[in-house]
Amino acid sequence: MVKVNLENVKLYAEIDSTPQFSSKTTIADILTKDALEFIVLLHRTFNSKRIELLKNRELIQSELNSNEYQFDFLPETQKIRDDPTWQGAIPAPGLINRSSEITGPPLRNMLVNALNSEVNTYMVDFEDSSSPTWENMIYGQVNLYDAIRNQIDFITPRKQYKLKDHISKLPTIIVRPRGWHMVEKHLYVDDEPISASIFDFGLFFYHNAKELIEIGRGPYFYLPKMEHHLEVKLWNDIFCVAQDYIGMKRGTIRATVLIETLPAAFQMEEIIYQIRQHSSGLNCGRWDYIFSTIKKLRNKSEHVLPNRDQVTMTSPFMDAYVKRLINTCHRRGVHAMGGMAAQIPIKDDPIANAKAMEKVHNDKWREMTNGHDGSWVAHPALAPICNEVFSNMGTANQIYRIPEVTIVAKDLLNTDIKGAEVTTKGIRDNLDIGLQYMEAWLRGSGCVPINHLMEDAATAEVSRCQLYQWVKHNVILKDTGKPITSDLTSTILAEEVEKLSASSPVGVANKFSLAAKYFLPEITGEIFSDFLTTLLYDEIITPTQSPVDLSKLQ
């Protein structure tokens with residue numbers, strides 16, 4: 001075993017803490033000396049490469065802004081794309097049938113509810129549907145630790161939460177750690193915050209990998225925000241080292257890569273290739289993909305997108321991205337997963353609810369007939385719809401089906417949407433949704449019901465990207481004939497803050513003014529931050545004044 005020195009590793013959080021929900025598991029059970037040595041080793045080994053890859057993202061964006069870079073398929077990886085012989089890994093136990101996947105943050109009640117849902121798999125999300133407070137992140141690890149050991153049941157004054165069966169008979173757990181761009185500022189290694197990706201992955205893997213194998217599932221992961229195939233190679237290298245470290249056979253880990261950035265859409269085959277020993281396919285992260293498309297092309301007037309409700313999965317660039325993903329995955333023998341149905345049942349309006357559920361059905365039917373092997377839902381009530389639709393495959397998946405389609409670079413960049421228009425309502429919708437999500441995130445909630453939809457961070461990202469783009473290019477409003485200016489967006493922002501603050505369920509404790517402080521420069525064309533989550537992160541961290549001496553842990 002490699003010896004790891006913890007003398008220059010500092011934890012700015014309490015390690016001895018009262019368990020939540022009467023759990024027998026404490027923070028100290030997660031942040032053990034052995035587990036910390038493992039994640040510190042991973043960080044020291046791979047963080048310099050992570051930083052290098054993030055700098056490469058900045059370089060590409062700079063070249064895009066100056067028209068020195070044009071999106072196309074990489075010439076240096078042509079051999080990978082042309083070689084018909086290589087394949088991804090065969091589907092792993094618990095991942096053969098993924099026709100319905102539910103997603104949500106690792107909150108204890110949501111874990112129980114999701115595991116009791118009629119779905120095949122459950123993506124436990126430390127990323128976009130989680131506000132990365134220390135409590136959310138570390139107790140998320142506690143909750144998963146307990147769930148995998150069948151000790152997650154708990155009682156509140158209002159309800160009893162209990163798994164309906166043994167964990168081995170419930171949906172397969174897949175964990176999504178935070179993206180490469182994020183850090184965990186409660187734990188410093190050699191005077192720098194640890195990679196949040198390594199923190200989330202490492203603690204879960206170290207504590208649970210062998211237990212998951214014993215129940216016949218896992219360890220399995222979703223990899224978010226990839227922008228280059230070498231970023232996926234970095235994950236693959238980490239997987240190999242992690243498996244070697246605990247004496248696990250390489251290839252045991254499986255990971256599904258989210259294709260939710262425009263650069264990744266041009267490197268789908270390379271992404272599968274880099275992780276082929278550990279691959280469980282690709283996923284269409286639709287809302288983040290829209291966000292990334294606007295983000296990357298924000299300075300190009302020919303790529304301005306209309307009101308968000310007009311940017312659908314049938315829009316040319318979205319349709320092309322989906323069809324290329326399915327074709328690529330199935331040629332390489334892995335799953336092609338569909339996108340999120342974010343609808344929440346509308347309990348007090350049967351007619352509106354029926355329309356919403358019909359929309360879900362039609363969306364899932366489109367995915368299934370296109371060739372997807374399964375899809376995401378945000379609420380247990382949507383699982384029966386997803387199950388019913390994908391039962392029409394007739395098999396556990398349709399990897400065998402390779403749609404005949406040819407998608408070229410210009411198809412992935414075709415943002416010309418028929419009947420496209422931008423209106424004042426579009427501005428208000430973006431401000432309303434963006435503010436509501438950011439305010440909840442600042443209060444520690446990353447999974448937020450807004451207008452009968454369960455929203456995550458991509459919601460706010462699309463909102464601020466569109467507003468930035470509209471102001472920058474002085475887009476003309478369809479309803480007034482006037483251009484969108486920074487004065488207009490800032491005026492409407494102030495109106496929305498006043499309205500939302502007055503109706504806030506938490507009263508004067510709301511954080512709408514704080515959210516607006518960060519939102520304003522983004523929607524008036526002053527600045528464009530890489531991610532809202534990193535922009536807001538310092539507002540939610542709660543480091544202790546003095547670090548814990550980790551070198552003295554037993």
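Colleague: Which residue lies over the face of Phe 528, and at what distance from the ring centre?

Modeller: A charge counts as sitting over a ring if NZ of Lys or CZ of Arg is within 6 Å of the ring centre and within 35 degrees of the ring normal. Here Arg 464 lies over the face of Phe 528, 4.5 Å from the ring centre, and the charged end of Arg 149 likewise sits over the ring of Tyr 145, at 3.5 Å from its centre. This is a predicted model, in which local features need pLDDT of at least 70 and side-chain atom pairs count only at pLDDT 80 or more, while totals for chains, interfaces and linings use all residues. Residues are numbered from 1 along each chain as its sequence is written, and side-chain values use heavy atoms, with hydrogens and water left out.

Colleague: How many aromatic pairs does a search of the whole structure find?

Modeller: A pair of aromatic rings is described by the distance of the centres and the angle of the planes. Rings of Phe, Tyr and Trp (its six-membered ring) pair if their centres lie within 6.5 Å, and planes under 30 degrees apart count as stacked, over 60 as edge-to-face and the rest as tilted. The search finds 22 such pairs in the whole structure. In one of them, the ring centres of Phe 73 and Phe 266 are 5.3 Å apart with the planes at 50°, so this pair is tilted. Phe 73 belongs to the loop between helix H2 (33-65) and helix H3 (78-82), and Phe 266 to the loop between helix H8 (262-265) and helix H9 (268-274), so the contact ties together parts 193 residues apart in sequence; helices (H or I, at least four residues) and strands (E, at least two) are DSSP runs, numbered from the N terminus. Phe 73 and Phe 266 are both buried, a word that means under 20% relative accessible area, as against exposed at over 50% and partly exposed in between (1.4 Å probe, protein chains only).

Colleague: What is the angle between the ring planes of Trp 134 and Phe 199?

Modeller: The planes of Trp 134 and Phe 199 are at 50° and their centres 5.9 Å apart, so this pair too is tilted. Trp 134 is in helix H5 (residues 134-148) and Phe 199 in helix H6 (residues 196-214), so that distant parts of the chain, 65 residues apart, are linked. Trp 134 is buried, with a relative accessible area of 5%, and Phe 199 is buried at 0%.

Colleague: Which strands pair with S11?

Modeller: Two strands pair if DSSP finds at least two bridges between them. Strand S10 (residues 254-259) runs parallel to S11 and is joined to it by four bridges, with Leu 258 opposite Asn 283 in S11.

Colleague: How many disulfides does the model contain?

Modeller: A disulfide is a pair of cysteine sulfur atoms within 2.5 Å, and the count by that rule is zero. Cys 329 is in no disulfide, as the nearest cysteine sulfur, that of Cys 284, is 7.9 Å away. Cys 329 is buried, with a relative accessible area of 0%. Cys 447 is in no disulfide either, its nearest cysteine sulfur being that of Cys 386, 17 Å away.
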